[in-house]
Amino acid sequence: MSLTVRTLFFASYRDLAGTPELPVELEEGARVQDLVRTLRERGGGLSELPEAPAVAVNRRYAPLSRPLAQDDEVAFIPPVAGG
Amino acid sequence: MVPEPQPARIHARITTEPLDAAAALASARTDADGALLLFVGVVRNHADGRAVMGMRYDAYVDMAHEVLLAIAGEAAEELGSPRVWVEHRIGRLAIGEASVVIVSASPHRQESFDAVRYVIEEIKKRLPVWKKEEYVDGQEGWVAGRTPPGTGAADDVTRTHESVEQGRGA
């Protein structure tokens with residue numbers, strides 16, 4: 001069993017990823033921290049993603065322990081600098 | 001006869017269009033308000049001793065709209081300012097252009113001073129917006145930001161060769 005989430009990258013994390021958006025397949029029961037590890041292990045720019053980045057799941061800030069579900073939208077949020 | 005109190009009115013928007021502070025003031029004010037407070041964040045021409053030509057703002061637009069609306073709502077409910085109007089512009093902005101406009105209107109002044117201050121400080125803490133400075137020498141760099149609360153993320157200041165101190169900006 002597996003699930004697929006839609007990951008979004010912004011600002012400096014988009015520079016690392018080289019893309020604004022990436023579908024990622026994970027094991028059933030995966031949490032945000034598993035997604036982070038999967039992306040870091042892909043190599044390339046994403047290996048420089050922090051081990052504990054800020055993340056929003058379905059447009060709400062979420063902890064790394066948050067379980068993921070099929071079709072969740074997971075955004076990687078670099079330190080914010082609005083205003 | 002004392003007029004009826006005016007209803008609360010909250011407005012929040014992320015936009016690529018130029019912001020209009022005068023229109024914001026007119027839109028927020030009701031006849032019940034004796035205080036009308038305006039904050040405008042503008043792009044300045046320097047950062048850490050370097051000359052800046054302009055700024056490019058990026059946002060997670062759908063979420064930023066929701067967060068901005070939540071911030072404005074909190075300012076109204078928790079700080080007692082009944083009318084809060086806020087817009088944040090994204091895209092490329094030149095020196096002197098407004099990146100954020102905040103208006104609060106209330107019967108008395110204290111609530112609006114508190115509300116405007118609250119909205120800009122919360123924007124800086126948790127609005128998913130980023131900005132890249134464009135320097136006169138042709139280089140550019142993401143402005144270091146703040147890790148939003150509620151994520152369990154390790155504090156992480158964006159590292160670029162133009163890295164600057166936390167919490168600066170408008």
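This is a predicted model: local features need pLDDT of at least 70, side-chain atom pairs count only at pLDDT 80 or more; totals for chains, interfaces and linings use all residues.
How are the two helices placed relative to each other? Two packed helices are described by the angle between their axes and by the distance between those axes. Here, H2 of chain B spans residues 61–79 and H3 of chain B spans residues 109–126; they pack at an angle of about 150 degrees, and their axes are 9 Å apart. Because an angle over 145 degrees counts as roughly antiparallel, H2(B) is roughly antiparallel to H3(B). The crossing in which H2(B) passes H3(B) is right-handed.

Turning to chain A, the reader will find an open sheet of five strands, with mixed pairing and the order E2-E1-E5-E3-E4. At its edges lie strand E2 (21–27) and strand E4 (60–62) of chain A, each of which pairs on one side only. From one strand to the next, the twist averages 35 degrees.

Within this sheet, strand E1 (residues 2–9) and strand E5 (residues 73–77) of chain A run parallel and are joined by four bridges. A:Thr7 stands opposite A:Val74 of E5(A). Helix H2 of chain A (residues 32–41) packs on the sheet, where this helix touches E1, E2, strand E3 (54–57), E4 and E5 of chain A. The direction of H2(A) makes about 115 degrees with that of E2(A).

How values were computed
Residues are numbered from 1 along each chain as its sequence is written. Chains are lettered from A and ligands numbered from 1 in the order in which they are written. Axes are lines fitted to C-alpha atoms, for helices over the stretch in contact, and angles run from 0 to 180 degrees between N-to-C directions. Helices (H or I, at least four residues) and strands (E, at least two) are DSSP runs, numbered from the N terminus. Angles under 35 degrees count as roughly parallel, over 145 as roughly antiparallel, 65 to 115 as roughly perpendicular and the rest as oblique. A crossing is left-handed if the near helix is turned anticlockwise from the far one by less than a right angle, and right-handed if clockwise. Two strands pair if DSSP finds at least two bridges between them. Two residues are in contact if their C-beta atoms, placed from the backbone, lie within 7 Å.
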